[in-house]
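Please look at the sequence and the structure below before reading on.

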Amino acid sequence: MDAILSSNTAWEKLSTTDIDDMKVTECADAFLTFLSTISDRYKHLPQPGHRLQFLELQLELIDDWRVRLLQLLHENYEDPLTSLMPCILNTLYYVATVLEEWGVTVHFLQLYFFKKTI
């Protein structure tokens, strides 16, 4: 996570994105790749309880990332238009949109069901 946020190009827009209106930053792409990799590794575990433990880890990572972005916002608040604020807001919007899309996949719906039945 430190490497994602401290990269010299973390807040640059990816040039290979098809979704230009989203202005996907390298930071957003790297963080979502990180979460996706975790999901890919644990979604085939046979026990739902084990999958839920990994889901909790992902939720903790998302919360930690949110806190770090808030810290960056507060550090760079001199002039909102020349600071990192627009890049961070674009990043947050894109990540939130992708997480909403992930929320309706079979994998996460099953985890939601298992969590509610415990």
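His107 touches Tyr42 and Lys43, leaving aside residues up to four places away in sequence; contact here means heavy atoms within 4.5 Å. His107 belongs to helix α5 (residues 106-117). Helices (H or I, at least four residues) and strands (E, at least two) are DSSP runs, numbered from the N terminus. With a relative accessible area of 12%, His107 is buried. Buried means under 20% relative accessible area, exposed over 50%, and partly exposed in between, using a 1.4 Å probe and protein chains only.

The model is predicted: local features need pLDDT of at least 70 and side-chain atom pairs count only at pLDDT 80 or more, while totals for chains, interfaces and linings use all residues. Residues are numbered from 1 along each chain as its sequence is written, and side-chain values use heavy atoms, with hydrogens and water left out.

**The chain as a whole**

The protein chain has 5 helices and 0 strands, in the pattern α-α-α-α-α along the sequence. Its C-alpha trace spans about 50 × 30 × 20 Å along the principal axes. Of the 118 residues in the protein chain, 30% are buried. Taking contacts between residues at least 6 apart in sequence, 59% join residues at least 24 apart.

**Helix α1**

Is Ile4 buried or exposed? Ile4, in helix α1, is buried at a relative accessible area of 15%. Beyond residues up to four places away in sequence, Ile4 touches Ala10, Cys27, Ala30, Phe31 and Phe34. Ile4 and Tyr93 are 89 residues apart in sequence, and their C-alpha atoms are 17 Å apart in space.

Ser6 is also placed in helix α1 (residues 2-6). Ser6 counts as exposed, with 53% relative accessibility. A distance of 17 Å separates the C-alpha atoms of Ser6 and Asn90, which are 84 residues apart along the chain.

**How the helices pack**

Two packed helices are described by the angle between their axes and the distance between the axes. Axes are lines fitted to C-alpha atoms, for helices over the stretch in contact, and angles run from 0 to 180 degrees between N-to-C directions. Angles under 35 degrees count as roughly parallel, over 145 as roughly antiparallel, 65 to 115 as roughly perpendicular and the rest as oblique.

| Helix pair | Angle between axes | Distance between axes |
|---|---|---|
| α2 and α3 | about 170 degrees | 9 Å |
| α3 and α4 | roughly 160 degrees | within 10 Å |
| α2 and α4 | roughly 25 degrees | within 9 Å |

Helix α2 (residues 26-42) packs against α3 at about 170 degrees, so α2 is roughly antiparallel to α3. On the α2 side the contact is made by Cys27, Phe31, Phe34, Leu35, Ile38, Ser39 and Tyr42, and on the α3 side by Arg51, Phe54, Leu55, Gln58, Leu61, Ile62 and Trp65. These residues divide into 11 nonpolar, 2 polar and 1 charged. Ala, Val, Leu, Ile, Met, Phe, Trp, Tyr, Cys and Pro count as nonpolar, Asp, Glu, Lys and Arg as charged, and the others, Gly among them, as polar.

Helix α3 (residues 48-75) and helix α4 (residues 85-102) cross at roughly 160 degrees, so α3 is roughly antiparallel to α4. The crossing of α3 and α4 is left-handed. A crossing is left-handed if the near helix is turned anticlockwise from the far one by less than a right angle, and right-handed if clockwise. Ile62, Trp65, Leu69, Leu72 and Leu73 of α3 make the contact with Met85, Ile88, Thr91, Leu92, Val95 and Leu99 of α4. By class, this contact has 10 nonpolar, 1 polar and no charged residues.

The axes of α2 and α4 cross at roughly 25 degrees, so the two helices are roughly parallel. Their crossing is right-handed. Here Ala28, Leu32, Leu35 and Ser36 in α2 meet Thr91, Tyr94, Val95, Val98, Leu99 and Trp102 in α4. The contact of α2 with α4 has 8 nonpolar, 2 polar and no charged residues.

**Cysteines**

How many disulfides are found in the whole structure? The search finds 0 disulfides, where a disulfide is a pair of cysteine sulfur atoms within 2.5 Å. The cysteine sulfur closest to that of Cys27 is in Cys87, and at 10 Å it is too far for a bond. Cys27 is buried, with a relative accessible area of 1%, whereas Cys87 counts as partly exposed at 24% relative accessibility.
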